[in-house]
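This briefing is for a reader who is meeting the structure for the first time. Please look over the sequence and the model before reading the points below.

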Protein chains: 2
Amino acid sequence: MPRYKAIVSYDGSDFFGFQVQTKNGVERQRTVQGELNKAVNQMAKNPTPAIKVVGASRTDTGVHAFGQVVHFDLPFDINVIGVRKGLNTLLPKDIIIQSVDQVANDFHARFNTHAKRYVYRVSTQDFTDPFKRFYTGHFQWQLDVERIKIALPDLLGEHDFASFAASGNQTITTIRTITRADLKVNNDEQELVFTFEGNAFLYNQIRIMVGVLLEIGNGRRDVHDIIRLIAVKDREQARFTAPASGLYLDEIYYD
Amino acid sequence: MPRYKAIVSYDGSDFFGFQVQTKNGVERQRTVQGELNKAVNQMAKNPTPAIKVVGASRTDTGVHAFGQVVHFDLPFDINVIGVRKGLNTLLPKDIIIQSVDQVANDFHARFNTHAKRYVYRVSTQDFTDPFKRFYTGHFQWQLDVERIKIALPDLLGEHDFASFAASGNQTITTIRTITRADLKVNNDEQELVFTFEGNAFLYNQIRIMVGVLLEIGNGRRDVHDIIRLIAVKDREQARFTAPASGLYLDEIYYD
């Protein structure tokens, strides 16, 4: 069976995250993976056993993606443009397949990842723009952007990010390497746009890092508090997790 | 009772339009006016009779607003910044009060309008961008933008727009004056952004005009078909009404 890799965008607002969740064997929640499974199986005329779509990253409820990556096997060899168009016709409008490639049978969307890039958008308006409520985090208190810019390089490099992992985290090690952590200020839109790149991230890591950075910008934390947080390895010290609505899985790199 | 004028933005996606709709005296649908009524009355500690918020324009289900205008009377004289902040705290996140002014008691949001400006956004991508599905109309067929630009001036001036009024229209005359009809092409976003300004518009007029303009761009209509449509005064000839999701009430001008 030929294997296909697809790049997928979705508006996470109306999904209970990426991963299929079952209760007594029944899918009760609308998930991205659930919708992809349905579309792929429908395109393949519902084979037995059913085809399973494997995703690179289990984004949470409300988290968006420009460039999620998935793989799946089809029982026939068809043109990749046909796969893309067919799936886009079958999928709901909040998911779109950007591209499809045929890949080697040992390609694995989750295990072969080399690095990931995430974007986090923060609206700094007095009140939330009604058009941004599902698409940004919101921080209405005072922010000194220069303080955040001083703090960002403290995240770079290989560190134990235990202080930045939510309790659902089940990985063996909390050591991760961050290779990019920067901030673009969009004054017209009254937005801060963070970009983070690294080999992998812990559960809720980006949202916790953004929470800490905003508290640094607000003066509630020392400008170099990240160095201390990395040293103490204590999740309780990083209090505020920025909301899911601002987070976008932007791109996944493979070996 | 002092009268207040407020400029209101809203994301129309989750509303059954602006206007309160009752069935056997009960409000069953979520409307913008319904939410505004609730917030204003709550702020005023639920007086009897209840305060009624009057809107300038009855936008349809799914239609958005940057600059809807409303007026209402409060049983006390309070600071306009306090009114704005109080209402924004009470309102759901898909409505925001941009500004509040105290106005003369004979000001009327609907009857004193001088002109209105609407924007219509069309996504021209192959498949709908998942982040745009509620915020643009979508036209995936071929478009010659130059043909649309030649057609737009045919809308300008005073004309009988009977061919461009949906059947729900209940006005006495279908004569209207359009003072601005232009198009900006945003290639980065793969979007067309129309702007229309006029003294008033008929029911669904903007969406029907956009439908005709897109058909002209696609070559399905003569480039000057608008002149013929104005002359025939027959709604049946303007077939395609562009979807509500692309329409934004942008600004309302008063005498």
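The model is predicted. Chain B can be laid on chain A by a turn of 180 degrees, with an RMSD of 0.0 Å and a shift of 0.0 Å along the axis. The two copies are thus related as by a two-fold rotation axis.

**How the two chains meet**

- Two copies of a chain are related by a rotation about an axis and a shift along it.
- The same surface serves both copies, since 100% of the contact residues of chain B recur in chain A.
- In the contact between the chains, 23 residues of chain B face 23 residues of chain A.
- About 2,000 Å² of area is buried between chain B and chain A, and carbon and sulfur atoms give 66% of this area.
- Three residues, Phe127(B), Phe131(B) and Arg133(B), supply 36% of the area that chain B buries against chain A, which is more than any other three residues supply.
- Phe131(B) is also the residue of chain B that comes closest to the rotation axis, with its C-alpha at 5.4 Å.

**The largest pocket**

- The volume of the largest pocket is about 1,600 Å³.
- The lining of this pocket is made up of 44 residues, and those closest to the pocket centre are Arg121(A), Glu189(A), Glu191(A), Arg121(B) and Glu189(B).
- By type, the lining residues divide into 18 charged, 16 nonpolar and 10 polar.
- From chain A, β7 (113–123), β10 (175–186), β11 (191–198) and β12 (247–254) each supply at least two residues of the lining.
- From chain B, β6 (95–103), β7 (113–123), β10 (175–186) and β11 (191–198) each supply at least two residues as well.
- β7(A) gives the most to the lining of the largest pocket, with three residues.

**Annotated positions in chain A**

- An unreviewed UniProt entry lists residues 6–112 and 154–255 of chain A under "domain: Pseudouridine synthase I TruA alpha/beta".
- The span 6–112 of chain A is 21% helix and 28% strand, and its end C-alpha atoms lie 14 Å apart.
- The unreviewed UniProt entry lists Asp60(A) for "active site".
- Asp60(A) sits in the loop between β4 and β5 (64–73) of chain A.
- Leaving aside residues up to four places away in sequence, Asp60(A) touches Gly17(A), Tyr203(A), Asn204(A) and Arg207(A).

**Backbone details**

- In chain A, Thr48(A) and Pro49(A) are joined by a cis peptide bond, with omega at about -5 degrees.
- Pro49(A) belongs to the loop between α1 (32–43) and β4 (54–55) of chain A.
- In chain B, the peptide bond from Thr48(B) to Pro49(B) is cis, and omega is near -5 degrees.
- The loop between α1 (32–43) and β4 (54–55) of chain B holds Pro49(B).
- Gln190(B) is not a glycine, yet its phi is positive, at about 50 degrees.
- Gln190(B) lies in the loop between β10 and β11 of chain B.

Definitions and conventions: Residues numbered from 1 in each chain as written. Chains lettered and ligands numbered in written order. Predicted model: local features only at pLDDT ≥ 70, side-chain atom pairs only at ≥ 80, totals over all residues. Heavy atoms only, no water. UniProt positions renumbered as here; feature names shortened; annotations may be inferred. Helix = DSSP H or I, 4+ residues; strand = E, 2+ residues; numbered from the N terminus. 1 Å grid on protein atoms, 1.4 Å probe; cavity = no way out; pocket = protein on both sides within 12 Å on 5 of 7 lines; lining within 4 Å. Points joined across faces, edges and corners; volume = space filled by probe spheres on them. Nonpolar A, V, L, I, M, F, W, Y, C, P; charged D, E, K, R; others polar. Least-squares fit on C-alpha atoms with pLDDT ≥ 70 in both. Contact = heavy atoms within 4.5 Å. Buried area = accessible area lost by both parts, 1.4 Å probe.
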